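Please walk through this structure with an eye on its charged side chains.

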Amino acid sequence: MQPRNMSMSGVVDLAAVKAAQEAKTKAEQARADSARRGGAGAISPADLVVDVNEADFETEVLQRSAEVPVVIDFWAEWCQPCKQLSPVLERLAVEYDGRFLLAKIDVDANQMLMQQFGVQGIPAVFAVVAGQALPLFQGAAGEQQIRETLDQLIQVAEQRFGLTGLTVDPDAQPGAAPAEEPEGPYDALLEAAVRALDEGDLGGAVQAYKNVLADDPANTEAKLGLGQAELLQRVQGMDPLKVRRDAAEKQADVEAQIAAADLDLVGGHVEDALGRLIETVARTAGDDRDAARRRLLELFEVVGAEDPRVVAARRALARALF
């Protein structure tokens with residue numbers, strides 16, 4: 001139930017990359033499922049604001065954050081500034097039409113959650129995006145400041161994790177749950193791969209994803225998962241200091257640059273990882289250039305083909321090659 005923070009700049013955070021990619025995959029799958037159902041699964045405007053407690057935090061916040069940014073409003077009945085801020089947040093949740101979900105947490109009844117988020121005073125507003133908790137602001141805030149903060153949050157959620165929000169239907173009944181889709185032919189194998197990742201069995205995860213791809217080479221979730229698992233497997237035994245020192249001292253060593261790029265990506269430095277390999281491609285030839293290019297294409301798959309950083313890197317790669 002403890003919120004995970006995936007914004008540890010410069011730190012090799014394997015769980016962070018795994019959580020981000022799982023969230024991106026789930027978001028893409030959710031959009032595909034919704035399209036197949038002709039837009040079914042829409043929620044009512046009333047469902048955009050939910051009261052959350054310690055018992056349902058996992059499902060209402062962490063799991064929902066794989067579909068939509070969840071803004072958390074920590075409040076209490078006795079808090080006068082809360083009575084000014086909360087109605088504004090509730091109104092904006094409806095106005096933003098599913099681009100974020102508002103979760104209200106009463107700190108008097110949920111002391112553990114208050115401690116886990118490190119809340120020092122209320123009102124306090126946080127967000128959870130793809131399992132990543134981040135502070136937004138504390139204390140009363142003007143509506144313009146709140147709007148600017150929400151706009152930035154939504155932009156990050158869409159660009160980094162592909163979260164485009166929920167479908168809202170004004171005529172939907174509050175609390176109506178979308179119909180469940182039947183399991184697909186590879187759901188059990190994909191679930192086994194995710195369990196292997198959760199248990200740290202990277203070899204098992206790699207094999208499980210390969211088993212799916214052997215029968216269904218175009219399976220998007222398996223391709224994404226395999227790239228992620230292989231990346232985690234490569235960096236698992238690395239000494240970050242040595243890898244970075246080797247890359248800095250051995251500019252002509254392609255393997256050193258490839259290892260550093262893997263480490264950059266796991267640390268969340270996407271542009272650095274892609275840029276390093278593009279520069280390596282530009283200044284090498286033959287087998288060395290091909291090795292750097294192949295790893296770059298693999299990292300494109302891990303980040304996601306539609307990510308704007310990948311789109312820009314593809315253009316830069318074309319310039320480096322031709």
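Arg295 is buried, because its relative accessibility is 16%; buried means under 20% relative accessible area, exposed over 50%, and partly exposed in between (1.4 Å probe, protein chains only). This is a predicted model, in which local features need pLDDT of at least 70, side-chain atom pairs count only at pLDDT 80 or more, and totals for chains, interfaces and linings use all residues. Residues are numbered from 1 along each chain as its sequence is written, and side-chain values use heavy atoms, with hydrogens and water left out.

What does Arg295 pair with? Asp262 forms a salt bridge with Arg295, with the closest N and O atoms 2.8 Å apart. A salt bridge here is a side-chain nitrogen of Lys or Arg within 4 Å of a carboxyl oxygen of Asp or Glu. Asp262 lies in helix H10 (residues 254-266) and Arg295 in helix H12, so the pair ties together parts 33 residues apart in sequence. Helices (H or I, at least four residues) and strands (E, at least two) are DSSP runs, numbered from the N terminus. Asp262 is buried too, at a relative accessible area of 1%.

Glu298 also forms a salt bridge with Arg295, and here the closest N and O atoms are 2.9 Å apart. These two residues sit three apart in helix H12, so about one helical turn separates them. Glu298 is partly exposed, with a relative accessible area of 36%. Elsewhere, salt bridges that share partners join Arg91, Glu95, Glu143 and Arg147 into one network.

Now take another pair. Glu90 and Lys104 meet through their side chains in a salt bridge (3.2 Å, N to O). Glu90 belongs to helix H3 (residues 80-95) and Lys104 to strand S3 (residues 101-106), so this bridge ties together parts 14 residues apart in sequence. Lys104 counts as buried at 9% relative accessibility. Glu90 counts as partly exposed at 28%.

Asp287 counts as exposed, because its relative accessibility is 69%.

Finally, the whole chain. It has 13 helices and five strands. Buried residues make up 47% of its 322 residues. Among contacts (heavy atoms within 4.5 Å) with a separation of 6 or more, 71% join residues 24 or more positions apart.
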